[in-house]
Amino acid sequence: MQTTDESPKYILEVKNLKKYFPIEKNIFGKPLRYLRAVDDVSFKLEKGKAIGVVGESGCGKTTLGRTILKLYESDGGQIFFNGEDITKISKGQMKKYRKDIQLIFQDPYSSLPPRMTVGNIISEAVKVHKIVPKDEVSNYIKDIMNKCGLQPQYYDRYPHEFSGGQRQRICIARALAVKPKLVICDEPVSALDVSIQAQIINLLKDLQAKMGLTYVFISHDLSVVKYITNDILVMYLGNVMELGETEEIFKNPMHPYTKALFSAVPVPNPDVKMQRIILKGDIPSPANPPKGCKFHTRCSECMNVCKFKEPVYYEAYPKHFVSCHLYNPEIMNNLEEYDKMYEQMEKEALEKQELEKNKRKKHEKKD
Ligand code: SF4
């Protein structure tokens, strides 16, 4: 099994990860077109830290989480867990890691089996993975329930007897009972009331400190991400737009998309005037993304070069990565050249259109 050359200081390392879904096949079942849900995503996550994955709906953040968990097979790139390459391991080999990587779902209503008691739901995986001796399971589960703010007398109750917040606590207890090393939280509070959201986020933060957990925190709520994460990864149409330390990204957002997202975060200070950047239009279809920079159709700072040349993802400041031409000196120093290239391409495209139009006209006359 391949390992990274670096020490496993990073519990998770994702390198150029890709997940494509076929959306059109020929009669032999060969895919003709793909939806590129995750396209060349890379990041590293240190033990005991949390990374927030943010972006609008459809940006690929949930697919990224599920591909890391190997609920989806990746179509390229590598996933290293604790220094071991788990990208291509079999389902049997993956069993070894199942208890180490847990998922907390978005919807606490549908993610709990309705006919099982809370005790059975939480203890099921504990028994399978033999986390504690059989005679200690009950006490161990009650202890975990207690840590997650659930009374031990709830042990024999059923999920329908609980509120949304309590159900999410059950989901958290179930995930943590197997002593995971990495927890992927997929919008864990978005289905809950605002008052309950704060309780669950505080619980996750407390448990992280007490149990030394590492989180991949998927969310569209930037205030929550700011509170709980160390790093932020901003995604758009399957690509990473910006990556860096949370504090640095909030202080100095570089990518126009990040700036627009962050401009919507409320500031709890009446003296601070918010300058909201409204994004134009809807997010384009990931099945047919725009050429060049995928964000160019909505970017207020779009230049001609953005319409045909894909930006390079690079480190603009130490540990602060961005994918935008505005910060690439090679592009910015040669804008005139790129404008000429764009004009030439436009001219050629127009000529081609004209030719095709004339051809069609000729055919129509013949008919
Ligand atoms: S590369 Fe161009 S279109 Fe893309 S974000 Fe930067 S300025 Fe905007």
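**Figure 1. Helix α3 and its buried residues.** Helix α3 covers residues 118-128 of this predicted model. Its buried residues are Val-118, Ile-121, Ile-122, Ser-123 and Val-126. A residue is buried if 20 or more other C-beta atoms lie within 10 Å of its own, exposed if 12 or fewer, and partly exposed in between, with C-beta atoms placed from the backbone. Helices (H or I, at least four residues) and strands (E, at least two) are DSSP runs, numbered from the N terminus. The buried residues of α3 pack against α4 (137-147) and α5. Lys-130 follows α3 and has a positive phi, near 50 degrees.

Residues are numbered from 1 along each chain as its sequence is written. Because the model is predicted, local features need pLDDT of at least 70, side-chain atom pairs count only at pLDDT 80 or more, and totals for chains, interfaces and linings use all residues.

**Figure 2. Ile-122 and the largest nonpolar core.** Ile-122 touches Ile-141, Ile-144, Met-145, Ile-170, Ala-173, Arg-174 and Ala-177, not counting residues up to four places away in sequence. Two residues are in contact if their C-beta atoms, placed from the backbone, lie within 7 Å. The largest nonpolar core has 75 residues. Val-53, Ile-122, Ala-173, Val-216 and Phe-217 touch the most other members. Helix α5 (residues 164-176) gives this core its largest share, 6 residues. Such a core is a set of buried Ala, Val, Leu, Ile, Met, Phe, Trp, Tyr and Cys residues joined through C-beta atoms within 7 Å. In soluble globular proteins, nonpolar side chains tend to be buried together.

**Figure 3. Strand β3 and its two partners.** Strand β3 spans residues 50-54. 5 of its 5 residues are buried, so the strand is largely enclosed by the rest of the structure. Both faces are covered. Ala-50, Gly-52 and Val-54 lie on one side, Ile-51 and Val-53 on the other. In a regular strand the side chains alternate between the two faces of the sheet. β3 pairs with strand β8 (residues 214-218) in the parallel sense, over 4 bridges. Two strands pair if DSSP finds at least two bridges between them. Ala-50 stands opposite Tyr-215 in β8. Strand β9 (residues 231-236) also runs parallel to β3, joined by 4 bridges. There, Ile-232 is the bridge partner of Gly-52.

**Figure 4. The open sheet β2-β1-β4-β5.** This sheet has 4 strands with antiparallel pairing. Its edge strands are β2 (31-46) and β5, each pairing on one side only. Strand β1 (residues 10-25) joins strand β4 (residues 76-81) through 5 bridges. Phe-80 of β4 stands opposite Glu-13. In β5, Phe-80 has Asp-85 as its bridge partner. Strand β5 (residues 84-85) and β4 share 2 bridges and run antiparallel. Their hairpin has 2 residues between the strands. Asn-82 in this hairpin takes a positive phi near 55 degrees.

Figure 5. Glu-73 is found in the loop between α1 (61-68) and β4. The residue is exposed, with 9 other C-beta atoms within 10 Å. Lys-88 is 15 residues apart from Glu-73 along the chain. The C-alpha atoms of the two are separated by 8.2 Å.

Figure 6. pLDDT is the predictor's confidence in each residue, from 0 to 100. It stays under 50 over residues 1-5. The model has 9 contacts beyond four places in sequence for these residues. Where pLDDT is low, the predicted coordinates should not be read in detail. The protein's mean pLDDT is 90, and 97% of its residues reach 70 or more.
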